[in-house]
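Subject: Handing over the two-chain structure

Dear colleague,

I am passing this structure on to you, and I would be glad if you could look through it with the notes below beside you.

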Amino acid sequence: MGSDQLLFYAFGAVALAGSVLVIGQRNPVYSVLAIIVSFFGLSGLYVLLEAPFVAVVQIIIYAGAIMVLFLFVVMLLNVPREDAAEWDRTHPLYRSGPMRAGAVLAVLLIGQLVWALSRTPGMAGGVADQPATASSVADVGRVLFTDYMFAFEVTSILIIAAMVGAVVLARKHDES
Amino acid sequence: MLDFVTDPAFLVYTGIILVVFFGLQTGAAVMVYAERKVAAFMQQRLGPYLVGPRGLLQPLADIVKLVFKEELRPKASDALLFTAAPVISVAAAYVAFAPVPFGPASTFFGLLDEPMPLIVADVNVAVLVIFAVASMGVYGIVLAGWASNSKYSLLGGLRSSAQMISYELAYGMSLAAVILLANTLSLREVVDAQDGYWFGVIPRWYIFLQPVAFFVFACAGVAETNRAPFDFPEAEQELVAGYHTEYSSMRFAMFFLAEYINMITVSAVAVNLFLGGWHGPFLPPEYGWIWFLAKLGVLLFIYLWLRWTLPRFRYDQLMAFGWKVLLPVATVNLLLTAAGVLYFGV
(Lines give C-alpha, C1' and ligand atoms only; values in the text may rest on other atoms or scores of the structure.)
Protein backbone atom coordinates (compact mmCIF):
# COMPACT_ATOMS: atom_id res chain seq x y z
CA MET A 1 0.00 0.00 0.00
CA GLY A 2 1.54 3.30 -1.10
CA SER A 3 1.66 6.35 1.10
CA ASP A 4 -0.95 8.01 -1.14
CA GLN A 5 -3.38 5.20 -0.49
CA LEU A 6 -2.62 5.28 3.22
CA LEU A 7 -3.30 9.02 3.30
CA PHE A 8 -6.49 8.51 1.30
CA TYR A 9 -7.84 6.10 3.90
CA ALA A 10 -6.70 8.36 6.76
CA PHE A 11 -8.40 11.47 5.33
CA GLY A 12 -11.43 9.44 4.31
CA ALA A 13 -11.71 8.08 7.84
CA VAL A 14 -11.49 11.62 9.27
CA ALA A 15 -14.18 12.87 6.88
CA LEU A 16 -16.50 9.94 7.61
CA ALA A 17 -15.95 10.02 11.37
CA GLY A 18 -16.66 13.76 11.37
CA SER A 19 -19.87 13.28 9.39
CA VAL A 20 -21.09 10.51 11.69
CA LEU A 21 -20.33 12.61 14.76
CA VAL A 22 -22.40 15.50 13.34
CA ILE A 23 -25.61 13.50 13.73
CA GLY A 24 -24.36 11.54 16.76
CA GLN A 25 -23.93 14.58 19.01
CA ARG A 26 -26.56 15.85 21.40
CA ASN A 27 -24.89 19.24 21.68
CA PRO A 28 -25.30 21.36 18.51
CA VAL A 29 -21.98 23.21 19.09
CA TYR A 30 -20.13 19.89 19.01
CA SER A 31 -22.01 18.99 15.83
CA VAL A 32 -20.72 22.14 14.15
CA LEU A 33 -17.16 21.31 15.25
CA ALA A 34 -17.51 17.75 13.94
CA ILE A 35 -18.57 19.00 10.51
CA ILE A 36 -15.51 21.29 10.44
CA VAL A 37 -13.29 18.27 11.12
CA SER A 38 -15.07 16.46 8.31
CA PHE A 39 -14.34 19.39 5.96
CA PHE A 40 -10.65 19.17 6.82
CA GLY A 41 -10.72 15.48 5.86
CA LEU A 42 -12.33 16.38 2.51
CA SER A 43 -9.75 19.09 1.99
CA GLY A 44 -6.99 16.52 2.49
CA LEU A 45 -8.63 14.33 -0.15
CA TYR A 46 -8.61 17.25 -2.60
CA VAL A 47 -4.87 17.69 -1.99
CA LEU A 48 -4.38 14.01 -2.81
CA LEU A 49 -6.29 14.60 -6.07
CA GLU A 50 -3.70 17.29 -6.90
CA ALA A 51 -6.20 20.12 -6.60
CA PRO A 52 -4.63 22.30 -3.87
CA PHE A 53 -6.69 25.31 -4.92
CA VAL A 54 -9.98 23.47 -4.40
CA ALA A 55 -8.64 22.14 -1.08
CA VAL A 56 -7.82 25.62 0.24
CA VAL A 57 -11.05 27.12 -1.06
CA GLN A 58 -12.92 24.32 0.72
CA ILE A 59 -11.31 25.45 3.99
CA ILE A 60 -11.77 29.18 3.38
CA ILE A 61 -15.41 29.05 2.33
CA TYR A 62 -16.88 26.12 4.22
CA ALA A 63 -14.73 25.75 7.34
CA GLY A 64 -13.76 29.42 7.52
CA ALA A 65 -16.91 31.33 6.66
CA ILE A 66 -20.06 29.21 6.49
CA MET A 67 -19.34 27.22 9.64
CA VAL A 68 -18.57 30.42 11.56
CA LEU A 69 -22.07 31.56 10.60
CA PHE A 70 -23.51 28.22 11.72
CA LEU A 71 -21.74 28.51 15.05
CA PHE A 72 -22.88 32.12 15.30
CA VAL A 73 -26.52 31.13 14.85
CA VAL A 74 -26.27 28.15 17.23
CA MET A 75 -24.75 30.37 19.91
CA LEU A 76 -27.08 33.31 19.28
CA LEU A 77 -30.22 31.18 19.54
CA ASN A 78 -28.64 29.21 22.39
CA VAL A 79 -30.00 25.94 21.01
CA PRO A 80 -30.40 23.54 23.94
CA ARG A 81 -28.95 20.05 24.14
CA GLU A 82 -31.20 17.38 22.69
CA ASP A 83 -31.96 15.07 25.58
CA ALA A 84 -33.54 11.68 25.05
CA ALA A 85 -35.96 12.31 27.89
CA GLU A 86 -37.32 15.46 26.23
CA TRP A 87 -38.29 13.76 23.01
CA ASP A 88 -41.85 14.37 22.06
CA ARG A 89 -43.01 10.76 21.75
CA THR A 90 -46.57 11.75 20.93
CA HIS A 91 -45.48 13.37 17.67
CA PRO A 92 -47.18 11.50 14.77
CA LEU A 93 -43.83 10.80 13.07
CA TYR A 94 -42.51 8.97 16.13
CA ARG A 95 -45.30 6.39 16.17
CA SER A 96 -44.46 2.81 15.26
CA GLY A 97 -46.08 2.89 11.79
CA PRO A 98 -44.03 5.76 10.30
CA MET A 99 -40.90 4.45 12.08
CA ARG A 100 -41.26 1.07 10.35
CA ALA A 101 -41.84 2.69 6.97
CA GLY A 102 -38.71 4.79 7.55
CA ALA A 103 -36.66 1.71 8.35
CA VAL A 104 -37.77 0.04 5.12
CA LEU A 105 -36.81 3.16 3.14
CA ALA A 106 -33.38 3.25 4.82
CA VAL A 107 -32.69 -0.38 3.92
CA LEU A 108 -33.79 0.35 0.34
CA LEU A 109 -31.43 3.35 0.14
CA ILE A 110 -28.44 1.33 1.41
CA GLY A 111 -29.26 -1.43 -1.07
CA GLN A 112 -29.38 1.05 -3.94
CA LEU A 113 -26.09 2.63 -2.91
CA VAL A 114 -24.34 -0.75 -2.76
CA TRP A 115 -25.83 -1.69 -6.14
CA ALA A 116 -24.74 1.60 -7.75
CA LEU A 117 -21.24 1.44 -6.30
CA SER A 118 -20.72 -2.16 -7.36
CA ARG A 119 -21.59 -1.24 -10.97
CA THR A 120 -19.25 1.77 -11.14
CA PRO A 121 -16.34 0.76 -13.38
CA GLY A 122 -12.78 1.10 -12.09
CA MET A 123 -13.38 2.01 -8.44
CA ALA A 124 -9.61 1.82 -7.81
CA GLY A 125 -7.74 4.77 -9.26
CA GLY A 126 -10.51 5.68 -11.70
CA VAL A 127 -10.37 9.37 -10.83
CA ALA A 128 -6.60 9.69 -10.94
CA ASP A 129 -6.48 8.43 -14.52
CA GLN A 130 -8.46 11.38 -15.82
CA PRO A 131 -6.59 14.58 -16.73
CA ALA A 132 -6.53 17.01 -13.81
CA THR A 133 -8.57 19.88 -15.22
CA ALA A 134 -9.03 21.61 -11.87
CA SER A 135 -5.39 21.68 -10.81
CA SER A 136 -4.50 25.34 -11.34
CA VAL A 137 -6.42 28.48 -10.49
CA ALA A 138 -6.39 29.64 -14.11
CA ASP A 139 -7.89 26.33 -15.27
CA VAL A 140 -10.65 26.47 -12.66
CA GLY A 141 -11.52 30.02 -13.69
CA ARG A 142 -11.51 29.23 -17.40
CA VAL A 143 -13.71 26.15 -17.04
CA LEU A 144 -16.06 27.94 -14.66
CA PHE A 145 -16.66 30.88 -17.00
CA THR A 146 -16.88 28.92 -20.26
CA ASP A 147 -18.18 25.35 -19.95
CA TYR A 148 -20.12 25.90 -16.72
CA MET A 149 -21.11 29.54 -17.31
CA PHE A 150 -24.85 28.83 -17.26
CA ALA A 151 -24.77 26.76 -14.06
CA PHE A 152 -22.54 29.37 -12.41
CA GLU A 153 -24.83 32.30 -13.21
CA VAL A 154 -27.98 30.37 -12.29
CA THR A 155 -26.43 29.54 -8.91
CA SER A 156 -25.59 33.21 -8.36
CA ILE A 157 -29.15 34.28 -9.13
CA LEU A 158 -30.49 31.58 -6.82
CA ILE A 159 -28.29 32.79 -3.96
CA ILE A 160 -29.23 36.44 -4.55
CA ALA A 161 -32.93 35.53 -4.62
CA ALA A 162 -32.54 33.66 -1.32
CA MET A 163 -30.71 36.65 0.22
CA VAL A 164 -33.33 39.16 -0.92
CA GLY A 165 -36.06 36.85 0.34
CA ALA A 166 -34.41 36.57 3.75
CA VAL A 167 -34.03 40.35 4.02
CA VAL A 168 -37.66 40.95 3.03
CA LEU A 169 -38.92 38.36 5.54
CA ALA A 170 -36.73 39.65 8.37
CA ARG A 171 -37.53 43.31 7.86
CA LYS A 172 -39.89 44.95 10.30
CA HIS A 173 -42.84 46.73 8.73
CA ASP A 174 -42.98 50.06 10.53
CA GLU A 175 -45.00 52.17 8.07
CA SER A 176 -47.90 49.81 7.34
CA MET B 1 18.99 4.70 7.97
CA LEU B 2 19.65 7.87 9.91
CA ASP B 3 21.92 9.30 7.21
CA PHE B 4 19.64 12.26 6.64
CA VAL B 5 20.55 13.64 10.08
CA THR B 6 23.97 14.71 8.82
CA ASP B 7 22.63 16.04 5.52
CA PRO B 8 23.25 19.83 5.59
CA ALA B 9 19.94 20.52 3.80
CA PHE B 10 18.05 18.67 6.51
CA LEU B 11 19.92 20.51 9.27
CA VAL B 12 19.34 23.91 7.65
CA TYR B 13 15.65 23.17 7.13
CA THR B 14 15.26 22.09 10.76
CA GLY B 15 17.09 25.28 11.71
CA ILE B 16 14.67 27.41 9.70
CA ILE B 17 11.69 25.77 11.41
CA LEU B 18 13.18 26.33 14.86
CA VAL B 19 14.11 29.94 14.02
CA VAL B 20 10.53 30.65 12.92
CA PHE B 21 9.00 28.94 15.94
CA PHE B 22 11.17 30.63 18.55
CA GLY B 23 11.31 33.83 16.52
CA LEU B 24 7.54 34.16 16.70
CA GLN B 25 7.57 33.53 20.44
CA THR B 26 10.36 36.01 21.03
CA GLY B 27 8.70 38.44 18.67
CA ALA B 28 5.53 38.28 20.74
CA ALA B 29 7.52 38.93 23.95
CA VAL B 30 9.33 41.86 22.35
CA MET B 31 5.99 43.23 21.15
CA VAL B 32 4.59 43.15 24.69
CA TYR B 33 7.57 45.17 25.91
CA ALA B 34 7.40 47.54 22.91
CA GLU B 35 3.66 47.98 23.40
CA ARG B 36 4.11 49.09 27.01
CA LYS B 37 7.07 51.34 26.23
CA VAL B 38 5.34 53.00 23.26
CA ALA B 39 2.17 53.50 25.30
CA ALA B 40 4.22 55.01 28.12
CA PHE B 41 6.02 57.31 25.70
CA MET B 42 2.74 58.52 24.19
CA GLN B 43 1.23 59.13 27.61
CA GLN B 44 4.38 60.75 29.03
CA ARG B 45 5.06 57.92 31.45
CA LEU B 46 8.14 55.77 31.97
CA GLY B 47 6.62 52.34 31.38
CA PRO B 48 8.33 49.22 32.77
CA TYR B 49 11.80 50.15 34.06
CA LEU B 50 12.46 48.05 37.17
CA VAL B 51 13.11 44.54 35.83
CA GLY B 52 16.48 44.50 34.05
CA PRO B 53 18.14 47.43 32.27
CA ARG B 54 15.38 49.81 31.09
CA GLY B 55 12.84 47.15 32.02
CA LEU B 56 14.01 44.88 29.20
CA LEU B 57 13.45 41.70 31.22
CA GLN B 58 9.83 42.62 31.96
CA PRO B 59 8.38 40.12 29.41
CA LEU B 60 10.41 37.34 31.05
CA ALA B 61 9.03 38.29 34.46
CA ASP B 62 5.51 38.33 32.98
CA ILE B 63 5.96 34.83 31.58
CA VAL B 64 7.24 33.49 34.92
CA LYS B 65 4.26 35.05 36.65
CA LEU B 66 1.78 33.59 34.16
CA VAL B 67 3.29 30.11 34.37
CA PHE B 68 2.99 30.00 38.15
CA LYS B 69 -0.54 31.39 38.37
CA GLU B 70 -3.36 29.03 39.24
CA GLU B 71 -5.44 27.65 36.37
CA LEU B 72 -9.06 28.48 37.04
CA ARG B 73 -12.01 26.96 35.23
CA PRO B 74 -15.61 27.96 35.97
CA LYS B 75 -17.71 25.04 37.16
CA ALA B 76 -20.46 25.65 34.60
CA SER B 77 -18.03 25.80 31.68
CA ASP B 78 -17.63 23.13 29.02
CA ALA B 79 -14.43 21.39 30.12
CA LEU B 80 -13.27 20.07 26.73
CA LEU B 81 -13.85 23.20 24.66
CA PHE B 82 -12.68 25.52 27.43
CA THR B 83 -9.29 23.79 27.30
CA ALA B 84 -9.23 23.39 23.51
CA ALA B 85 -10.08 27.02 22.63
CA PRO B 86 -6.71 28.64 23.52
CA VAL B 87 -4.87 25.76 21.87
CA ILE B 88 -6.83 26.26 18.63
CA SER B 89 -6.06 29.99 18.75
CA VAL B 90 -2.34 29.63 19.23
CA ALA B 91 -1.95 26.67 16.84
CA ALA B 92 -3.71 28.55 14.04
CA ALA B 93 -1.48 31.56 14.71
CA TYR B 94 1.73 29.52 14.42
CA VAL B 95 0.62 27.55 11.35
CA ALA B 96 -0.44 30.70 9.52
CA PHE B 97 3.18 31.88 9.46
CA ALA B 98 4.45 28.64 7.84
CA PRO B 99 3.93 29.68 4.19
CA VAL B 100 5.34 33.21 4.77
CA PRO B 101 8.80 33.70 3.20
CA PHE B 102 11.13 36.02 5.10
CA GLY B 103 14.22 36.20 2.94
CA PRO B 104 15.70 35.29 -0.45
CA ALA B 105 16.95 31.78 -1.22
CA SER B 106 20.33 31.37 0.39
CA THR B 107 23.14 28.79 0.35
CA PHE B 108 24.02 29.77 3.95
CA PHE B 109 27.57 30.92 3.09
CA GLY B 110 28.29 27.97 0.82
CA LEU B 111 27.06 25.30 3.25
CA LEU B 112 24.47 24.01 0.80
CA ASP B 113 24.91 23.08 -2.86
CA GLU B 114 21.52 24.46 -3.85
CA PRO B 115 20.07 27.68 -2.38
CA MET B 116 17.21 27.06 0.01
CA PRO B 117 14.41 29.63 0.38
CA LEU B 118 13.86 31.07 3.85
CA ILE B 119 10.39 29.66 4.34
CA VAL B 120 8.92 26.80 6.33
CA ALA B 121 6.39 25.47 3.80
CA ASP B 122 6.82 26.56 0.19
CA VAL B 123 3.32 25.94 -1.19
CA ASN B 124 2.19 27.38 -4.52
CA VAL B 125 -1.11 28.69 -3.13
CA ALA B 126 0.57 30.34 -0.13
CA VAL B 127 -1.62 33.46 -0.05
CA LEU B 128 -4.78 31.38 0.18
CA VAL B 129 -3.31 28.99 2.75
CA ILE B 130 -2.42 31.87 5.07
CA PHE B 131 -5.90 33.29 4.58
CA ALA B 132 -7.53 29.92 5.32
CA VAL B 133 -5.48 29.08 8.41
CA ALA B 134 -5.78 32.58 9.84
CA SER B 135 -9.56 32.33 9.55
CA MET B 136 -9.42 29.19 11.71
CA GLY B 137 -8.19 31.32 14.61
CA VAL B 138 -11.69 32.75 15.03
CA TYR B 139 -12.88 29.36 16.28
CA GLY B 140 -10.57 29.65 19.26
CA ILE B 141 -12.16 32.96 20.22
CA VAL B 142 -15.76 31.94 19.52
CA LEU B 143 -15.43 28.64 21.38
CA ALA B 144 -13.73 30.36 24.32
CA GLY B 145 -16.70 32.71 24.50
CA TRP B 146 -19.21 29.88 24.36
CA ALA B 147 -17.41 27.38 26.59
CA SER B 148 -16.89 29.91 29.40
CA ASN B 149 -20.66 29.98 29.97
CA SER B 150 -20.57 33.66 30.90
CA LYS B 151 -22.52 36.44 29.26
CA TYR B 152 -19.54 38.72 28.73
CA SER B 153 -17.51 35.96 27.15
CA LEU B 154 -20.39 34.92 24.93
CA LEU B 155 -20.94 38.49 23.72
CA GLY B 156 -17.24 38.83 23.01
CA GLY B 157 -17.24 35.59 21.03
CA LEU B 158 -20.34 36.57 19.03
CA ARG B 159 -18.91 39.98 18.20
CA SER B 160 -15.68 38.39 17.13
CA SER B 161 -17.35 36.00 14.69
CA ALA B 162 -19.48 38.79 13.19
CA GLN B 163 -16.48 41.09 12.87
CA MET B 164 -14.20 38.49 11.32
CA ILE B 165 -16.76 37.49 8.70
CA SER B 166 -17.41 41.13 7.80
CA TYR B 167 -13.77 42.04 7.36
CA GLU B 168 -12.57 38.81 5.77
CA LEU B 169 -14.38 39.71 2.52
CA ALA B 170 -12.62 43.06 2.14
CA TYR B 171 -9.36 41.42 3.20
CA GLY B 172 -9.64 38.78 0.48
CA MET B 173 -10.62 41.32 -2.18
CA SER B 174 -7.60 43.51 -1.44
CA LEU B 175 -5.31 40.44 -1.63
CA ALA B 176 -6.87 39.46 -4.96
CA ALA B 177 -5.92 42.80 -6.58
CA VAL B 178 -2.23 42.22 -5.81
CA ILE B 179 -2.46 38.59 -6.93
CA LEU B 180 -3.86 39.77 -10.28
CA LEU B 181 -0.88 42.09 -10.76
CA ALA B 182 1.69 39.48 -9.78
CA ASN B 183 -0.15 36.69 -11.64
CA THR B 184 0.80 34.13 -8.99
CA LEU B 185 -0.47 32.85 -5.65
CA SER B 186 3.01 32.09 -4.30
CA LEU B 187 4.26 34.77 -1.91
CA ARG B 188 7.84 34.12 -2.98
CA GLU B 189 6.97 34.93 -6.60
CA VAL B 190 4.93 37.98 -5.55
CA VAL B 191 8.02 39.32 -3.80
CA ASP B 192 10.26 38.55 -6.77
CA ALA B 193 7.85 40.45 -9.04
CA GLN B 194 8.58 43.58 -6.95
CA ASP B 195 12.32 43.57 -7.65
CA GLY B 196 13.87 46.63 -9.31
CA TYR B 197 12.99 50.31 -9.70
CA TRP B 198 10.81 52.58 -11.80
CA PHE B 199 12.81 55.46 -13.34
CA GLY B 200 15.76 54.24 -11.26
CA VAL B 201 14.38 55.76 -8.03
CA ILE B 202 10.96 54.45 -7.01
CA PRO B 203 11.09 50.81 -5.91
CA ARG B 204 8.63 48.60 -7.81
CA TRP B 205 6.55 47.91 -4.73
CA TYR B 206 2.87 47.16 -5.10
CA ILE B 207 1.97 49.78 -2.52
CA PHE B 208 2.62 52.41 -5.23
CA LEU B 209 0.45 50.58 -7.78
CA GLN B 210 -2.23 49.54 -5.29
CA PRO B 211 -2.49 52.20 -2.56
CA VAL B 212 -6.23 51.54 -2.19
CA ALA B 213 -5.69 47.82 -1.76
CA PHE B 214 -3.01 48.51 0.84
CA PHE B 215 -5.36 50.79 2.77
CA VAL B 216 -8.14 48.18 2.72
CA PHE B 217 -5.67 45.44 3.67
CA ALA B 218 -4.36 47.50 6.58
CA CYS B 219 -7.85 48.24 7.95
CA ALA B 220 -9.04 44.66 7.54
CA GLY B 221 -5.77 43.34 8.97
CA VAL B 222 -6.16 45.39 12.14
CA ALA B 223 -9.76 44.24 12.43
CA GLU B 224 -8.82 40.59 11.82
CA THR B 225 -6.29 40.68 14.64
CA ASN B 226 -8.81 42.31 17.00
CA ARG B 227 -6.62 45.30 17.69
CA ALA B 228 -7.73 48.82 18.56
CA PRO B 229 -9.62 50.65 17.12
CA PHE B 230 -11.37 47.37 16.17
CA ASP B 231 -10.87 45.50 19.47
CA PHE B 232 -14.54 44.74 20.07
CA PRO B 233 -14.25 41.12 21.16
CA GLU B 234 -12.44 42.35 24.28
CA ALA B 235 -13.85 45.85 24.75
CA GLU B 236 -12.98 46.42 28.42
CA GLN B 237 -15.54 49.10 29.20
CA GLU B 238 -18.47 47.01 28.00
CA LEU B 239 -17.44 43.36 28.26
CA VAL B 240 -14.91 43.16 31.15
CA ALA B 241 -12.36 41.36 28.98
CA GLY B 242 -14.60 39.80 26.33
CA TYR B 243 -13.95 36.22 25.29
CA HIS B 244 -11.07 35.67 27.74
CA THR B 245 -12.83 37.02 30.83
CA GLU B 246 -12.85 33.60 32.52
CA TYR B 247 -9.32 32.64 31.52
CA SER B 248 -6.28 32.80 33.74
CA SER B 249 -2.67 31.70 33.81
CA MET B 250 -1.14 30.06 30.71
CA ARG B 251 -4.50 29.60 29.00
CA PHE B 252 -4.89 33.36 29.04
CA ALA B 253 -1.27 33.72 27.93
CA MET B 254 -1.98 31.51 24.92
CA PHE B 255 -4.67 33.93 23.70
CA PHE B 256 -2.26 36.78 24.22
CA LEU B 257 0.49 34.95 22.35
CA ALA B 258 -1.91 34.18 19.48
CA GLU B 259 -2.90 37.85 19.21
CA TYR B 260 0.68 39.05 18.96
CA ILE B 261 1.72 36.28 16.55
CA ASN B 262 -1.26 37.16 14.35
CA MET B 263 -0.09 40.77 14.30
CA ILE B 264 3.36 39.63 13.19
CA THR B 265 1.88 37.37 10.49
CA VAL B 266 -0.42 40.05 9.07
CA SER B 267 2.48 42.52 9.01
CA ALA B 268 4.78 39.98 7.36
CA VAL B 269 2.18 39.26 4.69
CA ALA B 270 1.75 43.01 4.12
CA VAL B 271 5.53 43.42 3.75
CA ASN B 272 5.62 40.60 1.20
CA LEU B 273 2.58 41.72 -0.77
CA PHE B 274 2.95 45.48 -0.78
CA LEU B 275 6.38 46.56 0.46
CA GLY B 276 8.69 44.47 -1.71
CA GLY B 277 9.55 41.84 0.89
CA TRP B 278 13.31 41.50 1.30
CA HIS B 279 14.21 43.79 -1.62
CA GLY B 280 15.94 47.03 -0.70
CA PRO B 281 18.98 49.15 -1.51
CA PHE B 282 22.47 49.16 0.09
CA LEU B 283 22.50 45.58 1.41
CA PRO B 284 23.71 42.60 -0.65
CA PRO B 285 20.77 40.31 -1.59
CA GLU B 286 22.08 37.63 0.76
CA TYR B 287 21.20 39.89 3.70
CA GLY B 288 17.67 40.62 2.45
CA TRP B 289 16.15 39.33 5.68
CA ILE B 290 17.47 42.46 7.43
CA TRP B 291 15.32 44.59 5.13
CA PHE B 292 12.42 42.25 5.79
CA LEU B 293 12.78 42.61 9.56
CA ALA B 294 13.13 46.40 9.27
CA LYS B 295 9.92 46.75 7.24
CA LEU B 296 8.16 44.33 9.60
CA GLY B 297 9.23 46.47 12.56
CA VAL B 298 7.83 49.63 10.94
CA LEU B 299 4.45 48.00 10.35
CA LEU B 300 4.32 46.59 13.89
CA PHE B 301 5.10 50.04 15.26
CA ILE B 302 2.17 51.43 13.24
CA TYR B 303 -0.03 48.82 14.96
CA LEU B 304 0.99 50.20 18.37
CA TRP B 305 0.76 53.78 17.19
CA LEU B 306 -2.85 53.22 16.05
CA ARG B 307 -3.83 51.52 19.29
CA TRP B 308 -2.64 54.32 21.53
CA THR B 309 -3.90 57.11 19.27
CA LEU B 310 -7.38 56.16 18.09
CA PRO B 311 -10.39 55.54 20.32
CA ARG B 312 -12.55 52.48 19.68
CA PHE B 313 -15.33 52.65 17.09
CA ARG B 314 -18.93 52.08 18.06
CA TYR B 315 -20.17 48.63 17.10
CA ASP B 316 -22.60 49.82 14.41
CA GLN B 317 -19.87 52.06 12.97
CA LEU B 318 -17.59 49.05 12.75
CA MET B 319 -20.17 47.05 10.79
CA ALA B 320 -21.13 49.98 8.56
CA PHE B 321 -17.46 50.70 7.82
CA GLY B 322 -16.77 47.09 6.90
CA TRP B 323 -19.79 46.50 4.69
CA LYS B 324 -20.51 49.96 3.25
CA VAL B 325 -17.02 51.39 2.82
CA LEU B 326 -14.26 48.77 2.76
CA LEU B 327 -16.08 46.06 0.78
CA PRO B 328 -17.35 48.32 -2.06
CA VAL B 329 -13.99 50.12 -2.28
CA ALA B 330 -12.11 46.82 -2.43
CA THR B 331 -14.52 45.40 -5.04
CA VAL B 332 -14.26 48.45 -7.32
CA ASN B 333 -10.48 48.40 -6.90
CA LEU B 334 -10.40 44.72 -7.87
CA LEU B 335 -12.55 45.34 -10.97
CA LEU B 336 -10.39 48.29 -12.08
CA THR B 337 -7.23 46.26 -11.51
CA ALA B 338 -8.64 43.37 -13.53
CA ALA B 339 -9.58 45.74 -16.36
CA GLY B 340 -6.12 47.32 -16.22
CA VAL B 341 -4.38 43.96 -16.31
CA LEU B 342 -6.51 42.90 -19.31
CA TYR B 343 -5.86 46.18 -21.14
CA PHE B 344 -2.16 46.77 -20.46
CA GLY B 345 -1.09 43.19 -19.84
CA VAL B 346 0.72 42.09 -16.71
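This is a predicted model: local features need pLDDT of at least 70, side-chain atom pairs count only at pLDDT 80 or more; totals for chains, interfaces and linings use all residues.

Residues are numbered from 1 along each chain as its sequence is written, and chains are lettered from A and ligands numbered from 1 in the order in which they are written.

Chain A has 7 helices and 0 strands, where helices (H or I, at least four residues) and strands (E, at least two) are DSSP runs numbered from the N terminus. Of its 176 residues, 13% count as buried, a term that requires 20 or more other C-beta atoms within 10 Å of a residue's own, with exposed meaning 12 or fewer, partly exposed lying in between, and C-beta atoms placed from the backbone. Asp4(A), found in helix α1 (residues 3-24) of chain A, counts as exposed because it has 10 C-beta neighbours inside 10 Å.

The contact between the chains takes 15 residues from chain A and 21 residues from chain B, two residues being in contact if their C-beta atoms, placed from the backbone, lie within 7 Å. On the chain A side, helix α3 (residues 52-77) gives the most, with 13 residues. That side divides into 14 nonpolar residues, 1 polar and no charged (Ala, Val, Leu, Ile, Met, Phe, Trp, Tyr, Cys and Pro count as nonpolar, Asp, Glu, Lys and Arg as charged, and the others, Gly among them, as polar).

The largest nonpolar core holds 112 residues, of which Ile130(B) and Val178(B) touch the most other members; such a core is a set of buried Ala, Val, Leu, Ile, Met, Phe, Trp, Tyr and Cys residues joined through C-beta atoms within 7 Å. Helix α4 (residues 126-147) of chain B gives the most to this core, with 18 residues. Leaving aside residues up to four places away in sequence, Ile130(B) touches Ala96(B), Pro99(B), Val100(B) and Val269(B).

Finally, 10 of the 14 residues of α8(B) are buried, so this helix is largely enclosed by the rest of the structure. Among the buried residues of α8(B) are Phe214(B), Phe217(B) and Glu224(B), and the helix is followed by Asn226(B), whose phi is positive, near 60 degrees.

With best wishes
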